[in-house]
Amino acid sequence: MLIAAELKNLLEPSQLADLDITWLAADQPTPKGDWVAIVPLLSRWVGGTQLKNLPNLRIVANCAVGYNNVDLVAAEMRKVLVTNTPGVLTEATADLTWALILATARRLIEGVELVRSGQWTGWHPEQLLGLELRGRILGLFGAGRIGQAVGRRAPPFGLRILYTARTPKPDFERETGAARVDPTRLLAESDIVSLHVPASPETKGIINGETLARMKRGAILINTSRGDLIREEALAMALERGHLGAAGLDVYTDEPAIHPRLLAAPRTVLLPHIGSATEETRRNMAAIAVANVQSVLSGKPPLTPVY
Ligand code: NAP
Ligand code: GLV
């Protein structure tokens, strides 16, 4: 099997028992050959050409919960299974989402920069005033595993919750008091909008000039899902104009590149795609990806298929 070389330190030899492994570094192209399984990082595109070059492939075991780096249509046509790593990264990613909510609402980066600059002259009653969370509205755009985990952390901060999803979530509503609304109302009423839908043709560019204009003046946008959801230049312009209060982002359209206007925009907290970056979570992700391969190669069904 082919497996991302960057996962080597996260896997125990026992997890790799009986597998004939070719380690594939992130900067190497996907090779042609007889491999039967591949465990790619989310940065590796696995499309029609790659699948054609791997004619014996039986499984793409993506080491991520998102799988927008895999062409599902091409995989299904070739009868190649696709799996992801759901669940194990939910809490870590929800924590990181909250780190961004608090960092943007309370202007953490500006505070750190002020202290580091040596220009801080002491406590001032109007210095770096942020957004009081109590009584405000958190809008979850997508309320699956991660969206709900983010929402469950909101009540102690006094935030009310709106969410949008294709199907209602009665247990989540009971637990948190969240209300399901349509996307237009969510954008218009939320003080903080946090994106948790996967990247797909339907969600690509859902945050654009028009939808940003519908958000409240001073609202905060958080994205720990996928960069494709946001038109980055439009977001930069909304921040420059002061229409948006701040943006906290972990993901970008063309990683690791970030639109230069967004990089230069005010009131941003920009992280390098570290939503699931805790030791336990990354080990668990690697373990599930390899366990999916083990299962399929031993003739059993995949553990976490995406379709
Ligand atoms: P999930 O459980 O599948 O939840 C996805 C949510 O999006 C569900 O509420 C779903 O609605 C909704 N949805 C899907 N397609 C939609 C559409 N076209 N329009 C409106 N709503 C739609 O996924 P998850 O585990 O929470 O993960 C969400 C995403 O987070 C992943 O796809 C991944 O891209 C990203 N992620 C990023 C990091 C990071 O490092 N930053 C880490 C982990 C995950 P229904 O519930 O009604 O189906
Ligand atoms: C990370 O971005 C993931 O989808 O797991």
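**Ligand surroundings and a helix–helix contact**

Ligand 2 is surrounded by Leu-42, Ala-64, Val-65, Gly-66, Leu-89, Gly-275 and Ser-276, a residue being near a molecule if its C-beta atom, placed from the backbone, lies within 6 Å of it. This shell comprises four nonpolar, three polar and no charged residues (nonpolar: Ala, Val, Leu, Ile, Met, Phe, Trp, Tyr, Cys and Pro; charged: Asp, Glu, Lys and Arg; polar: the others, Gly among them). The model is predicted, with local features requiring pLDDT of at least 70 and side-chain atom pairs pLDDT 80 or more, whereas totals for chains, interfaces and linings use all residues. Residues are numbered from 1 along each chain as its sequence is written, and chains are lettered from A and ligands numbered from 1 in the order in which they are written.

Around ligand 1 there are 29 residues, of which Gly-66, Gly-144, Arg-166, Pro-198 and Gly-275 come nearest. By class, 10 are nonpolar, 14 polar and five charged. Domain 1 (2–88 + 278–297) and domain 2 (90–270) each supply at least three residues to this shell, the bounds coming from an automatic or database domain assignment. Helix 5 (residues 145–152) gives the most, with three residues; helices are DSSP runs (H or I, at least four residues) numbered from the N terminus.

Helix 5 also meets helix 3 (residues 90–105). In this contact (C-beta atoms, placed from the backbone, within 7 Å), Thr-90, Glu-91, Thr-93, Ala-94, Thr-97 and Trp-98 of helix 3 face Arg-145, Ile-146, Ala-149 and Val-150 of helix 5. The contact residues divide into five nonpolar, three polar and two charged.

How values were computed: Helix = DSSP H or I, 4+ residues; strand = E, 2+ residues; numbered from the N terminus. Contact = placed C-beta atoms within 7 Å.
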